[in-house]
Amino acid sequence: MNTQCIIDYLSELSMNNNREWYHTNKTSYKKASGEFEDLLQALILEIGKFDPSVLGQNPKDLTFKIVRDTRFSHDKSPYLPAFRAHISAKGKLPVPVGYYIMIKPDNQSFLGGGLFADMFKDATAMIRDQLAQNGEEWEKIIHQPAFEKYFTVQGTALKNVPAGYAKDHPQAEYLKFKSWYLEYPIQDEEVIHAETFPAKAAEVFQIMKPFNDYLNKALAGFQMPAR
């Protein structure tokens with residue numbers, strides 16, 4: 001597994017973000033994306049040691065396209081110079097929440113977890129209800145020393161506690177959230193050490209697992225909206 005190849009290709013794409021360069025260098029893209037899939041396979045096996053629900057996933061099915069939708073963006077660059085994937089029991093669907101990885105050069109990579117999407121009103125409501133009813137469990141998870149060492153809960157949030165929840169609730173600040181996620185930054189130097197990176201990444205994912213489990217307990221029965 002050659003993770004240096006991933007960083008090298010994405011660095012080149014970042015400096016040559018145009019369709020002509022991309023198509024001229026399609027062979028390099030295929031090689032780098034193949035290495036990323038090998039990395040995902042190694043990650044699946046490492047994560048499977050503490051979360052067997054991810055075993056059997058096909059790495060190719062977990063990745064996101066690098067082609068950008070520029071219709072509503074001021075940035076008209078056609079490609080996102082990053083390889084991204086979401087590893088969970090149901091693949092790359094946002095629910096159930098799982099283990100997210102983005103490899104982006106210049107030390108912009110990160111490992112993530114939780115619910116990043118804030119457009120699913122039912123999912124947001126289900127998590128808010130869980131927080132309102134099981135706040136003590138939430139506090140115990142996010143204040144574990146190992147968790148606090150690695151993570152701060154992030155997410156898009158309202159200015160006020162939404163209707164239906166007590167404004168003085170102990171979890172009032174988190175009830176304002178519409179999404180709840182974690183990000184752990186990783187350096188290029190860590191990524192290129194292919195022999196150690198999967199195990200190190202899995203260590204981070206293992207620390208976030210109770211957070212994911214809490215959200216997935218809340219999201220039991222959630223149905224993705226029909227397209």
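1. In which loop is the place of Pro96? In this predicted model, Pro96 sits in the loop between strand S1 (83–87) and strand S2 (99–103). The peptide bond leading from Val95 to Pro96 is cis, its omega being near 0°. Most peptide bonds are trans.

2. The loop between S2 and strand S3 (109–115) holds Asp106, and Asn107 lies in that loop between S2 and S3 too. Asp106 is not a glycine, yet has a positive phi of about 65°; for Asn107, also not a glycine, phi is positive at about 60°. Asp106 has 55% relative accessibility and therefore counts as exposed. Asn107, at 40%, counts as partly exposed.

3. Helix H1 (residues 3–15) and helix H3 (residues 26–47) have axes that come within 8 Å and cross at roughly 135°, so the two helices are oblique to each other. The crossing of H1 past H3 is left-handed. From H1, the contact is made by Thr3, Cys5, Ile6 and Tyr9; from H3, by Ser28, Tyr29, Lys31, Ala32, Glu35, Phe36 and Leu39. Sorted by class, the contact has 7 nonpolar, 2 polar and 2 charged residues.

4. The largest nonpolar core contains 62 residues, and Ile101, Trp180 and Phe211 have the most contacts inside it. Helix H9 (residues 197–218) supplies the largest share of this core, 10 residues.

5. With neighbours within four places in sequence left aside, the contacts of Ile101 include Phe36, Leu39, Leu40 and Leu43. Also among them are Phe83, Arg84, Ala85, Phe110, Leu111 and Phe197. Phe36 and Leu39 also take part in the contact of H3 with H1.

Terms used
Residues are numbered from 1 along each chain as its sequence is written. This is a predicted model: local features need pLDDT of at least 70, side-chain atom pairs count only at pLDDT 80 or more; totals for chains, interfaces and linings use all residues. Side-chain values use heavy atoms; hydrogens and water are left out. Axes are lines fitted to C-alpha atoms, for helices over the stretch in contact, and angles run from 0 to 180 degrees between N-to-C directions. Helices (H or I, at least four residues) and strands (E, at least two) are DSSP runs, numbered from the N terminus. Angles under 35 degrees count as roughly parallel, over 145 as roughly antiparallel, 65 to 115 as roughly perpendicular and the rest as oblique. A crossing is left-handed if the near helix is turned anticlockwise from the far one by less than a right angle, and right-handed if clockwise. Contact means heavy atoms within 4.5 Å. Ala, Val, Leu, Ile, Met, Phe, Trp, Tyr, Cys and Pro count as nonpolar, Asp, Glu, Lys and Arg as charged, and the others, Gly among them, as polar. A nonpolar core is a set of buried Ala, Val, Leu, Ile, Met, Phe, Trp, Tyr and Cys residues joined through side-chain atoms within 4.5 Å. Buried means under 20% relative accessible area, exposed over 50%, partly exposed in between (1.4 Å probe, protein chains only).
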